[in-house]
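I opened this notebook to record a few look-ups, one topic per entry. Each entry notes what I looked for and what came back.

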Amino acid sequence: MTIYNVGSINLDHLYQLAHFVRPGETMSSDSYQCLLGGKGANQSVALAKAGADVKHVGAIHHSDQAILDQLEALGVDTGLISRTEVPTGHAIIQLTRAAENSIILYQGANHALTEEQVDQALSQANAGDWVLLQNETNLIEYTMRKAQQNKLKVAFNPAPMDAELTKKVLGFVDLLIVNEVEAMDLIGTTDIDSTTAALPNAYPGLAVLMTLGKEGVRYFDGDLRPGTESLFVKAFSVEAVDTTAAGDTFIGFCLSSLMKGEDMVQAITRACAASAICVTRLGAASAIPTQQEVSEFLAKHA
């Protein structure tokens, strides 16, 4: 079983600072790094490190061969990534000493995907394969329609959240993956308790993974009946230094575990462990742990 990740690829310019830069303020950073990032690339790396067969569908500037080399070295199939004249997407990230981040995102080549590219990629897939999308590329609805036509399953992580787009495409989605803020935006609520109560009623039949940061993860199986409870898995407690790729790490390890036949509790638990390791490290793709590291963490914290 293969995952076709139609997703973004960014270069992350990471600045460590005492606090976020305020309007009119100029300040020196504690350090600077240029790292591979983007939700799509992060999730592909997490999938590969978790042992999944992942083919990345995306676009970069033709001069950025180093990005392909890095992805391939991490186990990601890059044969479906196109080269364009549009600059590779990038992010400017401020990371404070309190492990909070503020991000400016430039879409660049991530919005240069073509229908022909999507058609070619998904024509290689077999029924039962998965298509994974985030909201950092163009052709979201087109890709989902093609996936449905080809009898492929769709997982959607609508980040950054566009509530109207998300509502429009939910009919094509088999698994929706959102954090608590994205879930509140989608439902139109202002607190997590109201969101938890409203979400399964608003979208019956939709399977939803809702990550709750340091609290844990809640799962609605798409058939939640009145009076029944959603599944909840508590997060592991660690000292975070950078939360940039925590959600992407969770998604990669969770989907990989599900494809290996693990049940949802096992998949979420393993994914929470991977995220816990990730937040103790700086960076995005570079912070994602290996399968062995996750297994060792679980053995220690069981």
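**Entry 1. Around F297.** I listed the neighbours of F297, leaving out residues up to four places away in sequence, and found that it touches F236, V238, A273, A276 and I277. I was working on a predicted model here, as in every entry below. F297 sits in helix α10. F297 has a relative accessible area of 11%, under the 20% cut-off, so I logged it as buried. I also took one distance along the chain. Q107 is 190 residues away from F297, and their C-alpha atoms are 35 Å apart.

**Entry 2. Aromatic pairs.** How many aromatic pairs does the structure hold? I found two. I took Y15 and Y32 to begin with. Their rings are 5.0 Å apart, centre to centre, and the planes make an angle of 40°, which gives a tilted pair. Y15 belongs to strand β2 (residues 10-17) and Y32 to strand β3 (residues 31-37), so this pair ties together parts 17 residues apart in sequence.

Then I went back to F297. It forms an edge-to-face pair with F236, at 5.2 Å centre to centre and 85° between the planes. I placed F236 in the loop between β13 (231-234) and α8 (246-259), and F297 in α10 (residues 291-301), so the pair ties together parts 61 residues apart in sequence. Both F236 and F297 are buried.

Entry 3. Rolling a probe the size of a water molecule over the atoms shows where empty space is left. I counted one cavity of 30 Å³ or more. The largest cavity holds about 30 Å³. Which residues line the largest cavity? I noted D12, L14, L35, I93, D242, T244, G283 and A284. By class, this lining has four nonpolar, two polar and two charged residues.

Entry 4. I moved on to open space. The largest pocket has a volume of about 1300 Å³. I counted 46 lining residues, and those closest to the pocket centre are N179, T243, T244, A246 and G247. T244 was already in my notes, as one of the residues lining the largest cavity. Which element gives the most to the pocket lining? It is α8, with five residues. The pocket lining divides into 22 nonpolar, 15 polar and nine charged residues.

**Entry 5. Helix α6.** N179 came up in the pocket list among the residues closest to the centre. I looked it up again at the helix end. N179 caps the N-terminal end of α6, with a side-chain oxygen 3.1 Å from the backbone nitrogen of V181. Which residues of α6 (residues 180-187) are buried? I listed E182, A183, M184 and L186. An α-helix has 3.6 residues a turn, so residues three or four places apart point the same way. I then asked what covers the buried residues of α6. The cover includes β9, α5, β10 (175-179), α7 (192-202) and β11 (207-211). After α6 comes G188, with a positive phi near 85°.

Entry 6. Most residues other than glycine have a negative phi, and most peptide bonds are trans. L139 has a positive phi, near 65°, and is not a glycine. I placed L139 in the loop between β8 (130-134) and α4 (140-149). K151 is another non-glycine with a positive phi, about 60°. K151 lies in the loop between α4 and β9. Is K151 buried or exposed? With a relative accessible area of 62%, K151 is exposed.

Where did I find a cis peptide bond? I found one from A159 to P160, with omega near 0°. P160 is in the loop between β9 (153-157) and α5 (163-169).

**Entry 7. S44.** Which residues are in contact with S44, leaving aside neighbours within four places in sequence? I noted N5, V54, H56 and V76.

Conventions
Residues numbered from 1 in each chain as written. Predicted model: local features only at pLDDT ≥ 70, side-chain atom pairs only at ≥ 80, totals over all residues. Heavy atoms only, no water. Phe/Tyr/Trp six-rings, centres within 6.5 Å; stacked < 30°, edge-to-face > 60°. Helix = DSSP H or I, 4+ residues; strand = E, 2+ residues; numbered from the N terminus. Buried < 20%, exposed > 50% of the residue type's maximum accessible area, 1.4 Å probe, protein only. 1 Å grid on protein atoms, 1.4 Å probe; cavity = no way out; pocket = protein on both sides within 12 Å on 5 of 7 lines; lining within 4 Å. Points joined across faces, edges and corners; volume = space filled by probe spheres on them. Nonpolar A, V, L, I, M, F, W, Y, C, P; charged D, E, K, R; others polar. Contact = heavy atoms within 4.5 Å. Polar contact = N/O pair within 3.5 Å; in protein donor to acceptor, adjacent residues only side chain to side chain.
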